Amino acid sequence: MPERFASGSSPLAKVSTVKAAPQAPAAPVAPRTARTPQAAAAATTPPPADSGPAPTPLTVVPGPSPAGPGDLRDPLEKPAPDATDRPGGAAVAPTAATPRRPPRADQALREHPAPALPGWVALLVVLLALASVGYVLLRTGVLPHWDALPELRDRAVRESGRARVDVRAVAAVTAAGLLVVCALAGLLANAGGETRVLTRWGRYRGTVRRTGLVWVNPLLRRRRVDVRLRHWRSEPVKVVDRTGTPIVVRLLIVWRVKDTARALLAIEDHESYLRAQVQAVLTRTASTLPCDSNAAPGPALRDGQWFADEMTRALAAEVAPAGLEVYSAQPLALDYAPEVAESMRRRRVADLDAGLRTVLVDDAVEAAALAVRRLERATAHQLDEAARSALMEQLLVAFVAPAGVAASVPPPAARAGRKEGRPA
């Protein structure tokens with residue numbers, strides 16, 4: 001049985017891995033380390049003579065120390081890097097170590113169909129109720145008898161020749177009138193692309209998505225919600241990129257209402273909420289990358305595909321609890337702010353000029369080397385190092401120098417003297 005510490009825990013509980021060390025004929029002397037009293041006693045006790053072959057030594061690897069109450073992270077977890085390096089040395093878009101969670105929505109508040117009837121049913125009820133009222137009025141003699149109609153009057157009304165209205169006739173007419181009012185009050189015309197959200201005393205009762213003439217409970221409050229596909233062109237939004245340079249962005253958002261219950265009851269105004277979230281997501285996304293990558297190769301906000309995909313993903317996650325669905329968020333314009341536009345334009349032109357000069361010099365060097373090789377093949381004469389260098393310099397000056405500028409190249413003797421420290 002293993003020994004237990006004073007705290008009552010077994011020492012084997014702190015062992016994470018136990019590995020058998022391979023036996024070697026001549027093991028090197030290991031450095032002396034601190035040992036526990038139990039290990040020291042086991043080392044000084046000689047093994048019995050008939051104990052058999054020597055036991056295989058065990059290497060004990062201690063497990064990770066428990067984290068303190070203030071640190072709730074895994075001790076073996078490595079911190080997430082701010083950016084991922086590409087093989088060519090260019091950094092990709094950074095990934096947040098702890099991504100922000102969008103707000104949670106009320107799980108009980110979800111769209112479900114409301115009880116509704118086709119409109120023709122209510123119209124049929126209205127016709128039957130009107131017909132019943134006419135029958136009662138004819139039977140009681142309130143309406144005069146028409147010779148074209150069969151005799152519908154009561155015997156007492158026919159004998160007396162006067163109208164006789166009793167309590168049953170009044171109740172029947174009243175009930176038919178209430179039925180007509182209820183049938184007409186519950187009718188609504190639902191156009192295509194629109195829905196009706198039904199509530200009673202502030203409680204959600206369902207959504208009517210059926211188009212055309214529909215009958216619903218007349219005691220429910222009906223509010224119209226547009227569920228058609230809509231687009232919104234944002235105003236110029238001023239944000240800053242990763243380098244702190246102010247930029248102006250205009251977006252085109254394509255969206256629609258997916259859950260009418262949440263869009264109407266979870267927030268006050270879903271359109272204002274969408275506009276606010278667009279500005280917040282745009283500010284957060286634009287701060288991850290620079291606007292241009294002229295100096296150092298790598299991703300930039302000018303990459304419209306990445307920018308649009310990232311904006312769509314982040315915006316869809318933010319507005320989903322409000323019952324909205326975002327199809328795309330595309331940048332229409334991406335420019336520097338007016339106060340820095342001119343300086344950034346000059347910087348961009350300078351970077352392009354430097355890159356163009358590098359390309360021109362490389363092309364000139366290759367063209368000069370090719371010309372020297374062709375000259376040696378044409379003359380069948382191998383030039384020495386000094387003559388080849390002088391010819392290369394003259395060709396480079398001729399290729400690179402601007403038109404109309406005469407550039408002088410020092411002779412080889414003068415260059416050799418300048419290298420040795422002698423005056424030319």
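Begin by selecting Glu325 and Arg256, whose side chains meet in a salt bridge at 2.9 Å, N to O, where a salt bridge is a side-chain nitrogen of Lys or Arg within 4 Å of a carboxyl oxygen of Asp or Glu. This pair links distant parts of the chain, with Glu325 in strand S12 (residues 324-336) and Arg256 in strand S11 (residues 246-257), 69 residues apart; helices (H or I, at least four residues) and strands (E, at least two) are DSSP runs numbered from the N terminus. Glu325 is partly exposed at a relative accessible area of 23%, and Arg256 is partly exposed at 22%, given that buried means under 20% relative accessible area, exposed over 50% and partly exposed in between (1.4 Å probe, protein chains only).

Before going on, note that this is a predicted model, in which local features need pLDDT of at least 70 and side-chain atom pairs count only at pLDDT 80 or more, while totals for chains, interfaces and linings use all residues. Residues are numbered from 1 along each chain as its sequence is written, and side-chain values use heavy atoms, with hydrogens and water left out.

Next, select Arg302 and Asp292, whose side chains form a salt bridge at 2.7 Å, N to O. Both residues lie in the loop between H6 and helix H7 (304-319), 10 residues apart, and Arg302 counts as partly exposed at 36% relative accessibility.

Moving into helix H7, select Arg313 and Glu310, which lie 3 residues apart, about one turn of the helix, and form a salt bridge whose closest N and O atoms are 2.5 Å apart. Here Arg313 counts as exposed at 51% relative accessibility, whereas Glu310 counts as partly exposed at 23%. A search of the whole structure finds 11 salt bridges.

Finish at Trp201, in the loop between strand S5 (194-200) and strand S6 (203-208), which is exposed with a relative accessible area of 84%. Its phi is near 55°, a positive value in a residue other than glycine.
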